[in-house]
Structure formats: C-alpha cells, structure tokens
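Please keep the sequence and the model in view while reading.

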Amino acid sequence: MSQVPETIFSKIIRREIPADIVYEDELAIAFRDISPQAPIHILVIPKKVIPRLSESAADDQALLGHLLKVVQQIAAQEKLDKGFRVVINNGEDGGQTVDHLHLHLLGGRSLGWPPG
Ligand code: 5GP
C-alpha cells in the first residue's frame, strides 16, 4: 500500500507543534484555525490521513459521519445557537491548501453567501 504524505496536521495530532485543541477522541481532533475567518473558526480533522474528501474510501463512511457529529458537538460547546457553517475545501479549485481532510466550522457572525 502506498504511503500517504503527511502534513502539518499530523504534527498537530502528535503534539509536535502547538495548536489550540478544543476536542479530541480516538478518531478525530479539532483545533482553532491559525488564521480565523470568523470569530469561531475551528478545523475538525480525522486522525487517519485522508488527503481530501474525493480520495476517501468506501470504508471511511462511518468516519466521515463521525466528523459531522463532532462538528455538531463543538458547535454546541461554542454556543453557536444562531447558526454556523461547515466547509470542506477539496482540491485546487476548492481552495484546499492542506492535504489532510478537514472540516471548517465557522460561526460567531453572519456569513455571506455565495462564498468567493
Ligand atoms: P484549506 O485552505 O486547506 O481548506 O484550509 C487549511 C486551513 O488550515 C487554513 O484555514 C489555515 O489557516 C489553517 N492552517 C494552516 N496551517 C495551520 C497550522 O499550523 N495551525 C492551525 N491551527 N491552522 C493552520
């Protein structure tokens, strides 16, 4: 099986570089984005390295569902009662810059639509 290249997010998972971690379980970890685009901007990532959603496997289905339930839990933790947005950037046109699947949880202000 070919090795999936690691990113800076693997270093965050292993605590090799600091991050403001707000949630962790055996499958996922969540931390505040270093360059927040909203008052609350948290990245939820699987511990398993999946480079992007389009490269997820059939047996990642439960893990992908888990990530959404983690988002729900963190949104409640962060008291985003007025709403929030979940974004997955995929690939070049999607604006993805880190090749480790991540869900952006954005909230704490009214968000415009459509995104740029
Ligand atoms: P993408 O553009 O790939 O969808 O999102 C990557 C996100 O990771 C960006 O919002 C960027 O600010 C964030 N990011 C990149 N490097 C780091 C880091 O070292 N620490 C944290 N906390 N966030 C990072």
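Helices (H or I, at least four residues) and strands (E, at least two) are DSSP runs, numbered from the N terminus. By this convention H104 is found in strand β5. The model is a predicted one, in which local features need pLDDT of at least 70 and side-chain atom pairs count only at pLDDT 80 or more, while totals for chains, interfaces and linings use all residues. Residues are numbered from 1 along each chain as its sequence is written, and side-chain values use heavy atoms, with hydrogens and water left out.

**The ligand and its surroundings**

- The ligand is surrounded by 16 residues, and the closest are D33, N89, T97, H102 and H104; a residue is near a molecule or strand if one of its heavy atoms lies within 4 Å of it.
- The shell around the ligand consists of 7 nonpolar, 7 polar and 2 charged residues. In this division, Ala, Val, Leu, Ile, Met, Phe, Trp, Tyr, Cys and Pro count as nonpolar, Asp, Glu, Lys and Arg as charged, and the others, Gly among them, as polar.
- At least two residues of the shell come from each of α1 (8–13) and β2 (28–32).
- With 3 residues, α1 provides the largest share of the shell around the ligand.
- The largest pocket is the space taken by the ligand. A pocket is found on a 1 Å grid over the protein atoms alone, as an open set of points with protein on both sides within 12 Å along at least five of seven lines, whereas a cavity is a set of points where a 1.4 Å probe fits but cannot get out; lining residues have an atom within 4 Å of a point. A molecule sits in a cavity or pocket if more than half of its atoms lie within 2 Å of its grid points.

**Polar contacts**

- A polar contact is a pair of N or O atoms within 3.5 Å; within protein, one must be able to donate a hydrogen and the other to accept it, and residues adjacent in sequence count only if both atoms are side-chain atoms.
- In the side chain of N89, an N or O atom is 2.8 Å from an oxygen atom of the ligand.
- T97 has a backbone N or O atom 2.6 Å from an oxygen atom of the ligand.
- A polar backbone atom of V98 is 3.0 Å from an oxygen atom of the ligand.
- The protein buries 83% of the 520 Å² that the ligand exposes when taken alone. Such accessible areas come from the Shrake-Rupley method with a 1.4 Å probe, and for residues only the protein chains shown count as cover.
- Within the protein, the side chains of H104 and H41 make a polar contact at 2.8 Å.

**Burial and distances**

- Buried means under 20% relative accessible area, exposed over 50%, and partly exposed in between (1.4 Å probe, protein chains only).
- H104 counts as buried, because its relative accessibility is 12%.
- V98 belongs to the loop between α3 (91–94) and β5, and this residue counts as buried at 17% relative accessibility. From C-alpha to C-alpha, V98 and F9 are 8.0 Å apart in space, although 89 residues apart in sequence.
- L101 also lies in the loop between α3 and β5, where its 2% relative accessibility makes L101 buried. L101 and I88 are 13 residues apart in sequence and 7.8 Å apart in space, C-alpha to C-alpha.
- V22 is part of strand β1 and is buried, with a relative accessible area of 17%.
- G94 is found in helix α3 and is partly exposed, at a relative accessible area of 29%. G94 and I12 are 82 residues apart in sequence, with 23 Å between their C-alpha atoms.

**Backbone geometry**

- Most residues other than glycine have a negative phi, and most peptide bonds are trans.
- R15, a residue other than glycine, has a positive phi near 60 degrees. R15 sits in the loop between α1 and β1 (21–24) and is partly exposed, with a relative accessible area of 48%.
- K79 likewise has a positive phi near 60 degrees. This residue is placed in the loop between α2 (61–77) and β4 (84–87) and is exposed, with a relative accessible area of 63%.
- W113 and P114 are joined by a cis peptide bond, with omega about 0 degrees. P114 is found in the segment after β5 (103–107).
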